[in-house]
Amino acid sequence: MVHLKIHIIFLFLATFSILFETSNAASINVASFGAKSDGTQDSTKPFLSAWSLACKSNEASTIYVPQGSFLLKQVSFWGPCLNKIDFKIDGTIVAPSKYESLGNSGYWILFMKVNWVSIYGGTFDGKGAGYWRCRKAGRSCPAAARSISFSWSKNVLVSGLTSLNSKAIHIAVDHCKNVVIKDVKIRAPSRSPNTDGINVQFSTGVTISHSTIMTGDDCISINQGTTHVWIDRIACGPGHGISIGSLGSDSNEAGVENVTVTDSVFTKTQNGVRIKSWAKPNNGYARDINFRNLIMQNVYYPIIIDQRYCTKTDCPHQNSGVKISSVSYQHIKGTSASPVAIKFDCSQSNPCLGLKLQDINLIYLKGSKTSSSCRNAGGSTLGLVIPKSCL
Ligand SMILES: *[C@@H]1O[C@H](CO)[C@@H](O)[C@H](O)[C@H]1NC(C)=O
């Protein structure tokens, strides 16, 4: 009898401890690991401890970041993990303002080889100003640290996040599969160098939706090796617009295929929708690209393909090997800040094929008519197109 009682108690305790452990892992508050919400004490270790517990949990877990301001140094959250992990963030995550302390890795917050990770809410303050000053002064600065990166990951969701003043790219998606980014706000000054909003490369199945991006470089850039991208309801500007490329910087490059940009507004951006490639040989391509239902407000180059892309310091003068084909522009309206509202400057050795212009109405802000300009560009024109199509 006594023996049986002990046995039952033991069973009870065992069950209790299992329940206790799993419920512990199910919701993890970083504060309980010693994260400090004063924005000055380093909370990197507590965040990593919370991650490590969540990552080892058999059950789905939530890492909760309460209100307040949490200082994180360079941090990598590595997978694979045993189950789904959600970050629920009410507070602000701040980077060190001394950029030297992020080292030379090129990352601030990196998620590596994760599967089913979601981030809900939160403000990420990259404290980029000091780094931009270093860049502008032409000093030798450490590698530009992008704010939030997902690499070699699958089934990622970023929802309701705010990213401020990144030192370089705000959100980078690299070698990923099935990524949804929605309801995000991205903000950096229009003169901050290379602060792309969302940069995607080597990824497939990426949706970027209902977001506001005001920054110093491309609002969104889609780079080599990327397929099946859906972008809708973006408010872009200031910034350099939504770009495919720069493509063709490496001679051996993976292409870009099946990208849609729709229902978006560009305000005072350098470009609206742009495809750009370097003027040198390579085997890349961009095809099956759809731009539709877009509004341009005071945009310098609303529609542009630039296959002679270069910078002040790097300007090759060969023909671009990137093959651009099946690109449609439909229902694009608004104002151009330059007289050339449509510019197709394609490669002499690889002309653009299958460009389609349909229902375009772009007028020049400063009164006189807009025009379109074509070089090595072929395709068709449908419906009313203003400026007159050069295809
Ligand atoms: C193109 O990408 C979309 C997602 O944006 C996807 O639904 C569609 O199936 C893809 N089309 C092809 C032909 O793969």
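Strand β6 gives the largest share of the lining of the largest cavity, 3 residues. (Strands are DSSP runs of E of at least two residues, numbered from the N terminus.) The model is a predicted one, in which local features need pLDDT of at least 70 and side-chain atom pairs count only at pLDDT 80 or more, while totals for chains, interfaces and linings use all residues. Residues are numbered from 1 along each chain as its sequence is written, and side-chain values use heavy atoms, with hydrogens and water left out.

A search of the whole structure finds 1 cavity of 30 Å³ or more. On a 1 Å grid over the protein atoms alone, a cavity is a set of points where a 1.4 Å probe fits but cannot get out, and lining residues have an atom within 4 Å of a point. The largest cavity holds about 70 Å³ of space; a volume is the space filled by probe spheres set on the points, which are joined across faces, edges and corners. Its lining consists of F47, L72, F77, F87, I89, I93, I109, F111, I119 and F124. Two or more of these residues come from each of β6 (85-94), β7 (107-112) and β8 (115-125).

By class, this lining has 10 nonpolar, no polar and no charged residues. Ala, Val, Leu, Ile, Met, Phe, Trp, Tyr, Cys and Pro count as nonpolar, Asp, Glu, Lys and Arg as charged, and the others, Gly among them, as polar.

## The largest pocket

The largest pocket has a volume of about 1,200 Å³. A pocket is an open set of points with protein on both sides within 12 Å along at least five of seven lines. Of its 44 lining residues, N194, D217, K276, Y309 and T311 are the closest to the centre.

Strand β23 (301-309) is one of the elements that supply at least two lining residues, and β23 gives the most, with 5 residues. The others are β9 (146-151), β12 (171-174), β15 (198-201), β19 (242-247), β21 (271-278) and β25 (340-345). The lining of the largest pocket divides into 13 nonpolar, 17 polar and 14 charged residues.

## The ligand

H228, V229, W230 and N258 surround the ligand, each with a heavy atom within 4 Å of it. The protein covers 37% of the 360 Å² of accessible area that the ligand has on its own (Shrake-Rupley method, 1.4 Å probe).

Strand β18 (residues 226-236) supplies the largest share of this shell, 3 residues. The shell has 2 nonpolar, 2 polar and no charged residues. An N or O atom in the side chain of N258 is 2.4 Å from an oxygen atom of the ligand.

Terms used
Helix = DSSP H or I, 4+ residues; strand = E, 2+ residues; numbered from the N terminus. Polar contact = N/O pair within 3.5 Å; in protein donor to acceptor, adjacent residues only side chain to side chain.
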